[in-house]
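Please look through the following structure with the text beside it. The paragraphs begin with the confidence of the prediction and then go through the chains and their contact.

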Amino acid sequence: MTADVVARRVLIVDDEPNIVLSLEFLMRKNGFETSVARDGDAALAEVERFRPDLVLLDAMMPHRDGFEVCQQLRASGWTDLKIVMLTAKGRDSEVAKGLAVGADAYVTKPFSTRSLVDQVTALLDGA
Amino acid sequence: MSPPRGRALFVTLVVAYVVVAGAGLSLAAWSGLAPAQRELVAASARDQAPALLLLTGGALAGLVWLVVHVIGRYAATARRLTAETRLLLGPNPDHHVDPSGPVELVELAGAVNDLAERRRVAETEVARQVRTARAEIEAERNRLAALMAELTVAVLVCNIEGRILLYNRAARLVLGDDPAIGLGRSVHGIVDRGLITHALDRIREGATAQVATVLRDRRLLQVRLAPVHGTDRTLIGFVMVLEDETGRVANSVRADALLRDLSEGTRASLGSIRAAAENILDSPDMQPEHRRAFIEVVRDEAERLGDRVERWVAESIPHLGERWLLTDVRGADLLTVLAHELEGFVATTVDPDVPELWLQVDSHAVAQVAVHLATCLRDECGLVALKLSLGAATDRLAQLDARWRGPAPGPDTFNAWLDQPLTSSGAASAREVVERHGGEVWCAAGAAGSAYVRMLLPLTDATATSTSEARPGPGLGSRPEFYDFELFELREESLAWQERALADLTWTVFDTETTGLDPVHDEIISIGAVRVLGGRLLRQESFDRLVDPGRSVPAGSIAVHGITTSMVRGQPSIDDVLPLFARYADDTVLVGHNVGFDMRLLREKEERTGIRFGQPVLDTLLLDAALHPDFEEHSLEAIAGRLGVEVVGRHTALGDATVTAEVFLRLVTLFEQRGIDTLGEVLAASRATLHARLDRSAYGSR
């Protein structure tokens, strides 16, 4: 990484520390700057503070689920922010809902780390 | 006595008078003669003897011929009059007795016609009254039939012998359109007799019985029986409700297997992962290649676990609706239901442009969700009017939208509404109802200051959608003639065929069309049959199949029946159709016109197909000949004409079978009028006629 290139920022939102550990490691290794939020409310606050380029957003969280966070973000003007919903909910109705409320991609757990990195890179490069 | 009237009688009397007077005068003259004169006369008589004898003999012969001729004419006309009067009495009350023949009999014919006319008038009045009374009963029956037809559960009503009195379309569907199902047919042809006996025993003890049976096509059927009691509390029949359990059982078997696979497989994988992870942790100085091998174990097992879960989900989601009572609802109907339910809460309009699609939903629960959300929107966001629309979201999901002008509630607010219990359904929340459907629901802002709630609901799977016209539903064709309660009166089926009354029998009246008239070398190309039961023709239970004879149909026979080679090519073969026809005709008496030919064709196939038609057979040709030996013509058209049967659709198998059935119904009436009312007696009459006709070598022309 050279000094004149600003590292792209990825916010990881998940209440499950075991997967956060891997995601953080994976994103850093691929040159992204990361931050972590443990629930929906924290995620909304962290987006305002950290101003990420992309959010890896878990759907199932206490208090405020990922769909709601996604919808809130889009409603409050975060239209260019890339949102990747990352979840163990895999029904086609949930995929349809996720994309309908504003997610750019919907990835179900378990996933391959390589393809997740590819998808994140593609979304950011396409922007 | 004027010359034209009774001319023959007049002539006879005159001749007789002349003869008697001549003889008397001769005797008187003779006694008045002197001996010499007598001698002279005698001598003269001797000379003239041959001429006298000739004259007297001729007169006598003429007399005898005249008498025989006149009596013969009278007798023949009287017989014809009797036969015609019987027609009048029986099947054709509109018959007009032919007023020809000797004058007295012409008068008699006139009197008979007058009497018939008077009876017609009286009968018309009676018939009118009967019609009125019957119309009321009919209305009752139609209400019942309509109810049965609309029921989505399969229902059969049987009398105590197991004869079917009533069934509905759903029953026909569940039983796979088995030709053995039909009014008056024995249900034992479908459900094992032992099972029903067992269930009836349970019913007699006062319980509702439930048994399971396996159909001929290996499907598992759940059968519930409920008793039907007569006025004196005796058991006179039973109602059967049938349910196809095959799918449900297969699903639970599959679910069990999946669950086992999931739990056992999961334990195994977790075991490997844990052992590998602990080895890595416990041996920080392990060789890099060992370390890598253990980590690979962790990744592989995780992959396998993932696959297992995906398989489980793929297998169980399509059957979600079977665990919950989700039913198939037409999209437009769902919108109508929802609009109706929402009416009292918010003004609701329905988008008229609804695509033809079927949803698998619990429409009551969905309506509750709609009412709950509409009430929340009204109370907290001031919603006044909604517009409902429906479309396909994916090939498995429909999207149900409710749109309004105004802002959308925040997602947090909306999610809170989803978690509230639905007022009238206890603990269930809107979210639970939607989850149960495998669906989703959310609220969002739409274009130009509008907002919407979208609910994703499952579509009925594609195969079911394509046969939507076969669904039970209101419509003209859905009201069947599937009932006959008179059969409750039938007694124990202990009577042999021969002793059974004509009125109690079930008849299969059939006809075949063939490639030609040689029963050994020609083939059947069409079988048509109708059912006759209790004096009625049951058009609904007809049998009509084309048969591929495996060769071309000769032009000569096409001219008769109009069935061409291309029409039969690709149809089922006789080996496939004959078992179906046998099931249709099972436990019934076969009837046909000049049926010997058809039976011969059927029996030609016996050895190859193993299908035997062992039941009694009646021939309308022989029946008519037995009843009307004085009529020369016994073709189907001639009989139909005499009996007042309208002939339509002749020379199709089903058309001919229908005409034959109408003719047969009237012939049975004629037999019953003569006191011949058992099958045995009618068979005997047929046999006697057949022998008489064989003697005259008149049989065999078709």
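Chain B as a whole averages a pLDDT of 80, with 88% of its residues scoring at least 70. For the complex, the predictor gives an ipTM of 0.72 and a pTM of 0.43.

Chain A comes next. Its secondary structure consists of 5 helices and 5 strands, and from the N terminus on the order is β-α-β-α-β-α-β-α-β-α. Of the 127 residues of chain A, 37% count as buried. When contacts in chain A between residues at least 6 apart in sequence are considered, 58% of them join residues at least 24 apart.

The strands of chain A form an open sheet of 5 strands with parallel pairing, in the order S2-S1-S3-S4-S5. Strand S2 (33-37) and strand S5 (105-108) of chain A are the edge strands, each pairing on one side only. On average, neighbouring strands of this sheet are turned by 20° against each other, direction ignored. One parallel pair in chain A is that of strand S1 (residues 9-13) and S2(A), joined by 5 bridges. Within this pair, A:Val10 of chain A stands opposite A:Thr34 in S2(A). Helix H5 (residues 113-126) of chain A packs on the sheet and touches S1, S3, S4 and S5 of chain A. The direction of H5(A) makes about 160° with that of S4(A). Another helix, H3(A), lies across strand S3 (54-58) and strand S4 (82-87) of chain A, and runs at about 175° to S4(A).

Which residues carry the contact between the two chains? In total, 15 residues of chain A are in contact with 18 residues of chain B. On the side of chain A that touches chain B, the elements giving two or more residues are helix H3 (66-75) and helix H4 (92-100) of chain A. H4(A) provides the largest share of that side, 6 residues. By class, the side of chain A that touches chain B has 5 nonpolar, 4 polar and 6 charged residues.

Chain B contains a run of antiparallel strands. Strand S3 (residues 209-214) and strand S4 (residues 220-229) of chain B pair in the antiparallel sense over 6 bridges. B:Val211 has B:Val223 in S4(B) as its bridge partner. The hairpin of S3(B) and S4(B) has 5 residues between the strands, and B:Arg218 there takes a positive phi near 75°. S4(B) also runs antiparallel to strand S5 (residues 235-244) of chain B, to which 9 bridges join it. The bridge partner of B:Arg224 in S5(B) is B:Val241. The hairpin formed by S4(B) and S5(B) has 5 residues between the strands, and B:Arg233 in the turn has a positive phi of about 70°.

Further along chain B is helix H17 (residues 595-604), in which B:Val595, B:Phe597, B:Asp598 and B:Leu602 are buried. These residues lie on the same side of H17(B) because they cover an arc of only 155° around the axis. An α-helix has 3.6 residues a turn, so residues three or four places apart point the same way. What covers the buried residues of H17(B) includes strand S13 (506-514), strand S16 (589-592) and strand S17 (617-619) of chain B.

The last stop is B:Arg642, found in helix H20 (residues 636-643) of chain B. Is B:Arg642 buried or exposed? B:Arg642 counts as buried because 21 other C-beta atoms lie within 10 Å, where the cut-off is 20 or more. Leaving out residues up to four places away in sequence, B:Arg642 touches B:Leu87 and B:Asn92. B:Arg642 and B:Pro91 are 551 residues apart in sequence, while their C-alpha atoms are 9.0 Å apart in space.

How values were computed. Residues are numbered from 1 along each chain as its sequence is written. Chains are lettered from A and ligands numbered from 1 in the order in which they are written. This is a predicted model: local features need pLDDT of at least 70, side-chain atom pairs count only at pLDDT 80 or more; totals for chains, interfaces and linings use all residues. A residue is buried if 20 or more other C-beta atoms lie within 10 Å of its own, exposed if 12 or fewer, and partly exposed in between; C-beta atoms are placed from the backbone. Helices (H or I, at least four residues) and strands (E, at least two) are DSSP runs, numbered from the N terminus. The arc is that of the directions from the helix axis to the C-beta atoms. Two residues are in contact if their C-beta atoms, placed from the backbone, lie within 7 Å. Two strands pair if DSSP finds at least two bridges between them. Ala, Val, Leu, Ile, Met, Phe, Trp, Tyr, Cys and Pro count as nonpolar, Asp, Glu, Lys and Arg as charged, and the others, Gly among them, as polar. Axes are lines fitted to C-alpha atoms, for helices over the stretch in contact, and angles run from 0 to 180 degrees between N-to-C directions. pLDDT is the predictor's confidence in each residue, from 0 to 100.
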